[in-house]
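Student: I have a new model open. Could we go through it together?

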Amino acid sequence: MSEKVKIKQQSKSYLFWKRFFDVVLSSGALVCFSPVFLAVFIMNRFGDNKGPLFYKQERIGWHGKPFKIYKFRSMVVNADKILEADPKLYAKYVANNYKLEPEEDPRITRLGRWLRKTSIDEIPQFINILRGEMSIIGPRPVVKAELAEYGDRVDKFLSVKPGAMGLWQSSGRSNIPYPERCDVELEYVDEASLRFDIKIMFKNIISIFKSEGAY
């Protein structure tokens with residue numbers, strides 16, 4: 001029988017200040033980035049990009065509660081159905097840590113490639129943060145199938161609120177595959193604090209400008 005995984009209890013003061021900064025920063029970000037929302041909306045009215053502004057996908061959140069994550073749509077309409085209709089491509093998608101290289105992914109639009117490379121597609125997640133489904137800093141929320149990667153440590157992974165920025169992203173993002181990704185994400189759970197969150201946030205900002213592991 002495997003040893004029970006220890007889960008660190010976060011203090012009430014830490015959770016209070018974390019939520020306070022989430023509300024303040026996400027509110028400010030949505031106001032500051034409102035011109036970006038408008039620009040992407042206009043670009044999504046024409047050509048191959050035509051379609052809704054947002055892509056919404058079910059992810060697993062805090063304590064296993066599912067929610068819809070918001071992103072600027074970087075794929076064609078009905079992208080998930082296109083992927084699932086191609087068993088060979090879907091198998092490659094799963095084997096490659098639930099991602100495909102942009103040049104071999106038929107779902108991504110030309111605008112979408114640029115949105116992903118610059119991480120602009122992630123901006124709408126400030127909506128999820130304001131709603132309390134995510135935090136600025138935390139482990140990346142995953143789809144249900146990915147929970148299997150965490151094995152008997154899944155409850156530990158789900159014991160903290162998922163984040164738009166995390167230790168995995170600041171450490172290399174898609175360059176760090178499973179199972180190493182699990183260790184990195186769970187390291188955050190063990191070390192979470194306001195000081196650690198601030199450190200991760202600045203490391204993520206640097207990674208965004210370098211476009212490290214973004215696709």
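Student: In which strand is K68 found?

Tutor: First, the ground rules: this is a predicted model, where local features need pLDDT of at least 70, side-chain atom pairs count only at pLDDT 80 or more, and totals for chains, interfaces and linings use all residues. Residues are numbered from 1 along each chain as its sequence is written, and side-chain values use heavy atoms, with hydrogens and water left out. Strands are DSSP runs of E, at least two residues, and helices are runs of H or I, at least four, numbered from the N terminus. K68 is found in strand β2.

Student: Is K68 buried, exposed or partly exposed?

Tutor: Buried means under 20% relative accessible area and exposed over 50%, with partly exposed in between (1.4 Å probe, protein chains only). K68 has 43% relative accessibility, so K68 counts as partly exposed.

Student: Which residues does K68 contact, leaving aside neighbours within four places in sequence?

Tutor: Contact means heavy atoms within 4.5 Å. N128 is 60 residues from K68 in sequence, with the C-alpha atoms 8.2 Å apart. The contacts of K68 outside its sequence neighbours within four places are K56, Q57, E58, N128 and E133.

Student: Which residues touch the most other members of the largest nonpolar core?

Tutor: A nonpolar core is a set of buried Ala, Val, Leu, Ile, Met, Phe, Trp, Tyr and Cys residues joined through side-chain atoms within 4.5 Å. The largest has 26 residues, and the members touching the most others are F72 and Y188. Strand β2 (residues 66-72) gives the most to this core, with three residues.

Student: Why do the buried residues of α5 line one face of the helix?

Tutor: The buried residues of α5 (residues 110-117) are L111, G112, L115 and R116. Seen down the axis, by the directions from the axis to the C-beta atoms, they line one face because they fall within an arc of 130°.

Student: Which element gives the most to the lining of the largest pocket?

Tutor: A pocket is an open set of points on a 1 Å grid over the protein atoms alone, where a 1.4 Å probe fits, with protein on both sides within 12 Å along at least five of seven lines; lining residues have an atom within 4 Å of a point. Of the 50 lining residues, the closest to the centre are D121, E122, Q125, R140 and R173. With six residues, the element giving the most to the lining is α10.
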